Amino acid sequence: MSLFESITQSEPTKKMTMDEPVESLFSTTASKLVGKPINRVDGSLKVSGQAPYSAEIHLDNKAYGVLVGATIAKGQVENIDSSSLDGIPNIIKVVTDPKHFLRNSQQGGLKKAPKQGATEIFYHGQPIAVVIAETFEAATEGANALKVTYKDETDQAALNFTKELSNAHEVDEKKGSDKNYVQGDPEQGLADAEVTLDRFYHTPSQNSSAMEPHATLAHWEGEKLVLYTANQMLASCKQQVMDALNLNKDQVQLIAHYVGGGFGSKLGIAPESIAAAIASKDLGRPVLITMTRPQVMEATVRRSNTRQRIAIGCDKNGVIDTLIHDTISSNLPDEAFFEPTALSTHYLYSGKNRRVNYEMVDMNQVLSGSMRAPGEAVGMIAVECAMDELAAQLDLDPIELRRRNEPEKDPSKDIPFSTRQLIACMEQGAEQFGWSQRNTKPASQLEGDWWIGTGMAAAARGNQLQSSEARATLQIDKSKALGVKAVIETDMTDIGTGSYTVFSQVAADLLGLPIDHIEMKLGDSALPPASGSGGSWGAASAGSGVYLACEQLREMLAEKVGLYPDTIQLDNGQIKQVGKHDLTAVETAKENGQAFADSTIDKISETTGVSFSENVLEEQTASEKYDFDNTESYALADVIAGYEEQKVSAKGQIKPGKNGKKYRQSSFGVNFAEVAVHKVTGEIRVKRMTGAFAAGRILNHKTATSQCYGGMVFGIGSALMEEVIHDKRDGRLCNHDLAEYHVPVNADVPQLDVILVEEDDPYTNPMHIKGIGETAIAGAAAAIANAVYNAVGVRVYDFPITLDKLLYEMPE
Amino acid sequence: MSTLTLTINKQDYQLENLDARTTLLDVCRQHLQITGPKKGCDHGQCGACTMLINGRRVNSCLTLAVMHDGDDITTIEGIGMPESLSALQQAFKDNDAFQCGYCTPGQICSATALIEEVKQNWPSHVSTDLKNPDGRLVQEIAERMSGNICRCSAYPNIIKAISQVLESQVSNSQTQEPSTQKADNTVQNSSVTGIWSPPPSEAQLGKTSANTKTATATTGGRS
Amino acid sequence: MKRFEYSRADAPEQAATSASTEDTSFIAGGTNLLDLMKLEIETPIKLVDITRLELEKVETTADGGLRIGTLVTNSDLAAHPEVIANYPVLSRAILAGATGQLRNKATTGGNFLQRTRCYYFYQTDSACNKREPGTGCPAINGENRTLAILGTSDACIAQHPSDMAVAMRLLDATIETVKADGSTRSINVKDFYCLPKDTPHIENVLEAGELITHVVLPAPVKGMHTYDKVRDRASYAFALVSCAAVIDADDNGNLKTVRLAFGGIGTEPWRNEEVETLLMGTDGNNDVIAQAANLLLNDAKGKGQNDFKIPLTRRLLKQVIQRALAGEGA
């Protein structure tokens, strides 16, 4: 079923499919909030704790649910004994639904439910029931007390990745995010190369660890289910809920006005949402289920661990001839998602012999799925560490090695890049970082007790566009200084990325209003469906929907006051004509065609004696329609007052098109890191980092820089401390909380330097922006790993790089 | 059971027959609709639940509501609401010291207390001189705020925001000598951050702090 | 959390008496107890709140030491001018632990009683001899990177996670208690903890209802006071290995005072006075340090993932001694 069946088609809709490069109105708008580092518009709410997250919505008569997870990694639930809760006050019920409970979370963007079932167990922690009580304390007590008996088949479970490697199997390329690829003859190329590097890298399972645990408040209005739920992509999640519970589209609404971080973990629905819906229906009361932190780690999603082989063949000048990137990742049985590590490897460096190959291992561990920059976050660790090692082998500056392999076109598809600024990023970043003053000899710079080292790594993340819609309404609002306000509506979420703010900037510029005249309504599946927050496509996709809706409004307003759309300026609540209308080729043809048609008709009339109706060419030409000498300025408030209901609405809809196929679109960048390794203990700390990223036009430098901080710090965590540890005998997630799963704390993070390299890319979308939220993490960990090598002369291939991996090889 | 009276943000709340297991965090969020303080982990491992009890920052998820009658409890709502933001809240806004906003109330409550701790001359793990810590140094703020995890990683801006307010609220009379960074932007000028085990020497820091370095003492040397 | 009966104590003796039955816990800061109660690792039937007892003073004693009320928070203790001036190793150790929020609540007495961070101890559906005697120890052949290498047994290798307790052990602190029957006693920290042996569920010598009231420090020890903590991130993490030290040398560069206590590596705060004796009077050369390390680690047993703690401890010991001899505070 289409995601985009609008309920009413009555609003005029500007549609755009990105098949051609497009101009951007931003180059001509009067006010220029776009590009300004304004404070977030939701800032006051967030700093005072008034922004409501899902678990904070208050509904009367709410009951509390706590999930119960399986305590075996494989087997069957034989019996759930509700009577084991007898005597615990305030327990309402134990709810389970062996058919409908989700076995695991769903992947992002999918339109069907994930695998369902609560009887057959596939991983330790799989949710099998929920205990509902009047209070959270009672529900927690009940969840701990519930007696469950199992048929324990742990001895048949796949719990040791290394042992399971021999069972690796092919991936389902149709369902994955990347495909296997071969070009030329990589094995021969490698055999023939003057210089080769052939290494294996291991990255561990990781967890998104958003600060807000997954939570859903479910309630039913008759047969309609309303979920306040922590989610990144509402349109597809709604479809997942519909499929999971057999409901139609009018029976499901998802609301997520504020989401406390996602980083991939909230792309698809998670088990607590369906459990809450079922319990709520059963009880006839709203039910709130918040996952505990251990449950978030055990029962939502992880980034898969990977075993990656990078093999590079080049000549002695470092010109690459062969590039091999083979990966094995892991997932639950029958799950198609695999970590697409080589997404950027396809186009990052030139080389005529190429191979990308994916395999998977089935494991009885929590589902693996998307976590910030699925693919590059760990794939570029391998590639960029390999490049660094190769550069050292060739005695080349690592930046020079990249320069020598900078492709003119996408080397795997022979299509041009829409824009590519990797070299510029490296140069600007290097300058800012002081790269030329670095010490190139490893283990040679001791300052006090600390070995100092520097390293760099390239960054790349594909730029995507997803279909998105938005509605823009201008209406009278006497409480506003200019008498009007714009209401922008789309189901897009703000998970910290700044959607509320950047979309307000877009609308404000296009409609010529101050930012406080824009009301941004996000996070509700009842609103026009957008792309959701994921894959760094949110601002570009959903923002384009907003842009187009506003553009449509501009055209309607122009028409209303008798001006041509390309001559109007909306500024400070006024519409006026600016500049001369530029007759387009079509217009010219029409004008010329009119004249030609007139003369032809006259000739035919003369010859045949027949006279034709005067309305043969009905459409007025531009010069007949518009008054080009109108220099009046119209107050928006007056114009809007002239509409029925004193408001006017329009929609916008963006769709990806041929541009995504004709051009390779990607954000590029670079990370530089300086680390210190303690000479006695081997502890590694990051002293400073500089990142330079090119992601098209930057809507808001403040929020974009913050997104880059996020990626760089995820890189610190990935390089030095993050590791999900599963017990190899019973499959439990050992470090299932924030005390033992280490994400960087404030003291781990130095002041970060971010350079945003501006570029103009007309192929991406009408705003000329690209995604940025994931670019900074791609390769960040490699920059740190390369810096560690420079500091102490030790290459670690098994992440995270903890002190015990350096200790036995520390320099004296 | 009985009535528990809690004083939160200068207002008294009566709770009848409250389950003794209810944490201070949950009494706010579930019973009183005071939802500014957040639950990130419920086990004192993230700091999102930080609020002030008698002016001191604590993890409200790790204390029972019944233990706090008579205490002066302040949540983020008591620090400032949208119409009346504190200097720190405004500094967080101006410096983009948050992204998703979930850890933010905890960060701000924590930082509000931190400013007081610095005024009280409390040392930290990274203070080179326990007797005369300079809590305004970037590395001090970073260490003192490490009890508030931010996954969006707004840390650099959180430091900037707090630094800004500290500079304006903590005068030089708090420290023995005028700070040598006074003219500089404390944030930019730190040459060493994030390296704290063992405590850094002046040489490692590459500059002197505001305070005179004391020579190795007789009883209880500097460390 | 299991349900419990909450009451508040008015006086230490009354507190002790009311807790004389098993299954009663005292609660002060609660930062470890409530963590464990939420997971039903601790399941007291009665909870006695001792926070209103007047046990938060820090006073000097007749012999120049310090008597610390059990309720003195970690923050207050670390920031106390007397502690900073005369027992800075204690201040350093406390400040190295936890976070500002936790230190504001954690109490001196409670800090001694905090329990291990072993993964298997923490998950109640796992076997664990400490939590449920006789069920086994999955850590020994499992995920044990953070666990102890000294003081272990075939039944348990759980590490003691405290920083403060390591400094207290170093300083020869004594713990004063009042029992349910009203009698009092003083227990030196070195006698306070119990090695796991085949009874890992017994961690210290306290009896049911015995309440810690004070901690007493002897007169200060002259020398360089240091606390080094080695961990996987820069803050808010438990020690892989830590070392509290007081070291003093004479004018000839010979070691006069050597006190060394270690955290992160033992099932309890680890101090081996023989190691100290071996070093005293020497010039702390490489050979004698190596001998000292051998003595310290003679019985050290790694279980695979925590083997690295052995060379790490060796390196740290050397650093601590040599740094002190070089007169560098850090």
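A salt bridge is a side-chain nitrogen of Lys or Arg within 4 Å of a carboxyl oxygen of Asp or Glu. By that rule, there are four salt bridges between chain C and chain B. The model is predicted, and local features need pLDDT of at least 70, side-chain atom pairs count only at pLDDT 80 or more, and totals for chains, interfaces and linings use all residues. Side-chain values use heavy atoms, without hydrogens and water, residues are numbered from 1 along each chain as its sequence is written, and chains are lettered from A and ligands numbered from 1 in the order in which they are written.

**View 1. The interface of chain C with chain B.** Here 60 residues from chain C and 52 residues from chain B are in contact, where contact means heavy atoms within 4.5 Å. The buried area is about 4,300 Å², with 55% from carbon and sulfur atoms; buried area is the accessible area (1.4 Å probe) that two parts lose on being put together, summed over both. In chain C, the residues that lose the most area to chain B are C:Lys38, C:Arg92 and C:Gln101, together 17% of what that side buries.

View 2. C:Lys38 forms a salt bridge with B:Asp42, and the closest N and O atoms are 2.9 Å apart. Strand E9 (residues 224-230) of chain C gives the largest share of the side of chain C that touches chain B, seven residues. Helices (H or I, at least four residues) and strands (E, at least two) are DSSP runs, numbered from the N terminus.

**View 3. The interface of chain A with chain B.** Chain A puts 66 residues into this contact and chain B puts in 60 residues. The two chains bury about 5,300 Å² between them, 55% of it on carbon and sulfur atoms. In chain A, A:Val47, A:Met211 and A:Asn746 lose the most area to chain B, together 15% of what that side buries.

**View 4. Pairs across the interface of chain A and chain B.** There are five salt bridges between these chains. In one of them, B:Arg151 pairs with A:Glu722, with the closest N and O atoms 2.8 Å apart. Several elements of chain A each supply at least two residues of the side that touches chain B, among them helix H1 (43-47), strand E27 (666-678) and helix H18 (701-720). The largest share, eight residues, comes from H18(A).

View 5. Most residues other than glycine have a negative phi, and most peptide bonds are trans. The peptide bond from A:Phe799 to A:Pro800 is cis, with omega near 0 degrees, and A:Pro800 is in the segment after helix H19 (780-792) of chain A. A:Asn90 is a residue other than glycine with a positive phi, near 75 degrees. A:Asn90 lies in the loop between strand E3 (75-81) and strand E4 (91-95) of chain A.
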